[in-house]
Amino acid sequence: MNKDSAVLQGAFLMADKLCSPSSLSLIQKADWSRVGHVVLEALGEICRQDEVSRGPNPASESWKKKVVCVVWLKLLCREAEENADVAWRENPFFSLQNSLPEVSHAVLLELVKSTAAAGVFARFLLHLPHAQICTELERLVEHVRSHPTGEDDIRLFLEVWWELWKGRAEEKVGEEERIEKMFANQFARLSSSPSPQAAKRLKLDTPNSPDVLHILLHALKDMKDHISSADLCFQCLSISLDALYTSFLIDKDVVLTVKEKLDLWCKILRSREKNVEEMSPEIIREAQKDLRASHTPSEFQPCQMKLSEALKMITELAQFWQHSVIPTECDGSTPNYSAFQLEQSIQRVLTALEKASGVGTDDYRGDKDILRGLLKSASFPVLESSPEMSAKVAAIIITHHLEDYENLAVLFASETSWAEYAEHWLDCLEKNQAAFRQHGTLISLSSTLTSKLHSESTNVSQCRKLLKIIVDIFSTLTLEDKNKALAAMLRLSSRGFFGCSAPSALTDRFEQELNMAFNCIIQGAGGASAGASQGNLNTAASLVARVAFQNPEAALRSCCHSAVFNKGAFSLMAKILQQLPGLKEQRGRKDGEREKEGSDVVRGSSLLCRCLQDVIRTKSLSASEKEQFLKFLGLLMEPVTAAEREGKGERFLSPQEVVNTFVLPNLSATGLCSDDAQLSLQLLHTALSVDVHEAAPSPHWVLDCSPFPLLYTLAQLHNQTLRCWEQPPEGAVHIWSMDTKEQLSSVLTTLGQVVGAEVASAPSSWSRALFWLYNKMEELDWTVRLLLKPVWGQHFKIEVPASLLAVCDLPEQEWLGLDLPLYGQGTGLLAWMECCSISDSLQSTMLSRLTLDQHKPDHVNMFSKGLLVAVTQTLPWCSVSQWSRLLRALRELISSGCLHVPFSLEYVDYLPLLDLRRFSCELRLSVLLLRVQQLLCGSSCSDWLSADGWAHVGRLYAHAVRDMMNSLRARLPLPSSGALTASASTPAIRDSSPTFLPTTFKEARDSPLKSRDPQMEEEVVTAPSQEVLFVLSQLFCHVQHVQVMMPGGQCEALFLSSLEILSHYEAIMAAFPDSCTPLECDNTRHFFSTISDNLENQEMKAVLQQKIAQLVSSAA
């Protein structure tokens, strides 16, 4: 036993002696005043209570609870006749409990009353079964009614009643909660385990035990004569009405808004406390408990008592006191807590009775009239809560995390009237930032700051401090909440806090933060580096989000500027924005500052698109900046899959928005005469490419971009590119290029396929637009209409020049011949070649439907000559993709024997016996292209093309040479260094395999050569590389001839092709040393030098001859 327990024991023993000749176990209520002071003084000494402190002393509360628990358990143990041998083992309070003398219930209840421990007593009661609660309440009632009955006894009764209705306190971890649980455990043990001596147990199953409410109301009725003050009358009526309301008139918690709760809390505090400046968290917590108890269904639901009976008893009490006490004692001028509570209770009950289902209009009329009359006669005080008090109470609740503090934080942030008390308001925000970490609360604070910035008298210091608090709170949010806050801010204003004329001190500081953020991001990413780690990316996204929340437009403008003008930064900026989808919010209206005459901001376009428009208009973009701009938009249009979105891909920018914003306004049929138009075409190509690997959406986004007018405009532009080599008028700028034509063809094809699929799925919906487009296309070249074949579907026949039908067997059900002025007799093969170049499907049709009798040599000869002319006419106007298709068609014709290209090897004086049949296609194609170039460079065609046209022809010829070189590389792959060393010592052998084997580097067919010496009968096997070297020599000669023939003779593409041929020639000689003898190598160098001597450009000639001089056989 410790010192405090010994003091308490001595006090009880002294009190017991003072009772002599009686004892504490026999004294009644009237005797407590004579002996109780000893116990109370000892308890005061133990608790060492601070009389100055307004709040409860934790040590005092703990000892109160401990003493009540020990005394009560002593009574229960005596009642259960507990065996001491069991108690000392199982009762944790046995030592103290056993040291005290026997006591009566009067001692327990007087101790509770004297120490103001009604709440402690009630919480212990709540741990007991219902029947035992009723038993203990009956003892309490009996004690209160026993002589003498004073108002302090009535108050004890009311306090216990109301504490029962408040229910158990919140779960606490500590000494007090431990004591309550031990009390409950000891009671359960005493009520369930009889002693070994067959002692009686506590009887809990009392049949027909009365309702708690029944006991309390009848007790109040019996005590009415002892109540003589209005305050106590109000308290009795208020508690009884609240008990009736929560027991009969509600079945679930009454929902109040946090603003309503705060208003009631403030009124309770104003009516209870004279000095509201000294409000403590504990006082506010009690006010919250009172309010919650009066709006929550009681856990003591009546089983016997009816609503009418309870209401009748309460109204009778009200009438009794109304005539005897209330008129003489009530003073409506002074705030009174009991009066306020009664007014609230009456209004709640009257409202509930009016709304109660099943209650007729005449039911309880008399009772309701009595309550209304009480409201009128009592002159209840009018209580108002000021904004200052509301702000202070809210701040205390938020600071100490009291009930509803999170919802109150939202209200605290949104009440602009509270912000007028700036010092306390900002202090609460600064100290309790964690309570405001919700995007909704943050937006409310932001609105408050915005209104402060808009006011006439702006306190810059306070605004700066509030801005910092808001931004710091934002920085601690999760990424998801940051995006919600960004989206909400964007809905409020695209310029955030700086949408109006904000103080320069704030704007200057923001500009510094903005610049510093992006400088850190760019430098941290290594400038051109786009491969930032995930951690760095998250940090960068947080930095951008922080400045974007303050001013979304400025942050996005900086993102766009960095993406376009900082080399390599486009990838990082795109990744950052993809982490911040809150900034992609669509705005259905233009900002007020943008609604001006001549504004071409697309209505409904996102803020990012508008910022990008502004950025690219600031100055003319270089080629690399345009490329970064295109890649930036391309990345933002790509769907991004986030883990938390369960695989659903989302885009920061939709292709539809990009097309509507950047493409449609800049494309016109007058021509691609501006950088904007060229860029727009590239953007359209990028937008159409982002969905290539995805399932097509239905309906496709293209349908929201005026697809048929767009198709017509693109077709007009493509039609104009067919005249790309025509000389522009004097003073005009040449605007057409083959790259533009290539891009237009690709875009038209892709867009046509998309629109065609939509038309096919709902033909009736698009028939009118389809006929409009088809009629418009009649004015354009027939090849342009063929590009849109997927759009026409089965609706129209394919219209081609009638001359094509003379060389192709095309079904009349699908094809229709037109009499076109430029396609007279003998132009069928020209039309056929043009069809082959348009698309792969058309090429396949042309090849399969070609009418040529190969059994008639004259037909084949005529076809070959006509095709030579057709290729000559088609080549200059082909794009690279079209030329690639023509090369495939020519190879097919040569391989099938339809196209006859005789060739002679006039470039060599000595030809070894090589098998060149497998290379016949490459050799014949090279000769054919040589003859095409001879025709083009001849006098009849030399004025067809401009300098750009000839350069393009050279590039196409170089493309064909590379194509043939790739074919040769595939037939004879070069060995690796290890394989090369092994092959140097391995003799070549004869092999009948039809293909080359790269692992052993054997030729499919080796040509035998007999030695020139008749004495030598040994057969020499030539290496397969000899044929490849020979073909390369032919290609080199052809390329050199073409370069010399072409006007200017300085085609860089052909020069590079010659160097590539020589490099590959040298590589084969090094890989296969036996492929060329030193003498043959010397002859080859001499021969190549002679050919290159014809070049006019001295620099090209010097480089080529230097390269030729390096051709040395490894066999030497």
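Let me start with a term: a residue is buried when its relative accessible area is under 20%, exposed when over 50%, and partly exposed in between, using a 1.4 Å probe and protein chains only. By that rule Phe436 is buried, with a relative accessible area of 0%.

Two notes on the source. This is a predicted model, where local features need pLDDT of at least 70, side-chain atom pairs count only at pLDDT 80 or more, and totals for chains, interfaces and linings use all residues. Residues are numbered from 1 along each chain as its sequence is written, and side-chain values use heavy atoms, with hydrogens and water left out.

Now the overview. The protein chain has 1116 residues, and 51% of them are buried. Its secondary structure comes to 48 helices and 6 strands. Those are DSSP runs, numbered from the N terminus: helices are H or I with at least four residues, strands are E with at least two. Next, contacts, meaning heavy atoms within 4.5 Å. Take those between residues at least 6 apart in sequence: 76% join residues at least 24 apart.

Back to Phe436 and its partner. The whole structure holds 25 aromatic pairs. Rings of Phe, Tyr and Trp (its six-membered ring) pair if their centres lie within 6.5 Å; planes under 30 degrees apart are stacked, over 60 edge-to-face, and the rest tilted. Phe412 and Phe436 have ring centres 6.0 Å apart and planes at 50 degrees, so this pair is tilted. Phe412 sits in helix H20, residues 405–414. Phe436 sits in the loop between helix H21 (422–431) and helix H22 (439–454). The two are 24 residues apart, and the pair links distant parts of the chain. Phe412 is buried too, at 1% relative accessible area.

Here is a second pair. Phe771 and Phe796 have ring centres 5.1 Å apart and planes at 75 degrees, so they pair edge-to-face. Phe771 is in helix H35 (residues 763–777), while Phe796 is in the loop between helix H37 (789–792) and strand E3 (798–801), so the pair ties together parts 25 residues apart in sequence. Buried or partly exposed: which is Phe771? Phe771 is partly exposed, at 43% relative accessible area. Phe796 is buried, at 15%.

Rings also form a cluster. Ring pairs link Trp72, Phe121, Phe124 and Phe183.

On to helices. Helix H8 runs over residues 130–145. At 1.5 Å a residue, its 16 residues should span 22 Å, and its end C-alpha atoms are 23 Å apart, which agrees. The expected span is 1.5 Å times one less than the number of residues.

Now helix packing. H27 (residues 552–565) and H28 (residues 569–578) pack at about 150 degrees, with axes 8 Å apart. That makes H27 roughly antiparallel to H28. Axes are lines fitted to C-alpha atoms, for helices over the stretch in contact, and angles run from 0 to 180 degrees between N-to-C directions. Under 35 degrees is roughly parallel, over 145 roughly antiparallel, 65 to 115 roughly perpendicular, and the rest oblique. On the H27 side we have Leu556, Cys559, Ser562 and Ala563; they meet Ala569, Phe570, Met573 and Leu577 of H28. By class, that contact has 7 nonpolar, 1 polar and no charged residues. Ala, Val, Leu, Ile, Met, Phe, Trp, Tyr, Cys and Pro count as nonpolar; Asp, Glu, Lys and Arg as charged; the others, Gly among them, as polar.

Last topic: the backbone. Most residues other than glycine have a negative phi, and most peptide bonds are trans. Which bonds are cis here? One joins Ser20 and Pro21, with omega about 10 degrees. Pro21 lies in the loop between helix H1 (3–18) and helix H2 (32–47). Another runs from His147 to Pro148, with omega near -5 degrees. Pro148 is in the loop between H8 and helix H9 (151–166).

Then phi. His401 is not a glycine, yet its phi is positive, about 55 degrees. His401 is in the loop between helix H19 (387–399) and H20, and at 47% relative accessibility it counts as partly exposed.
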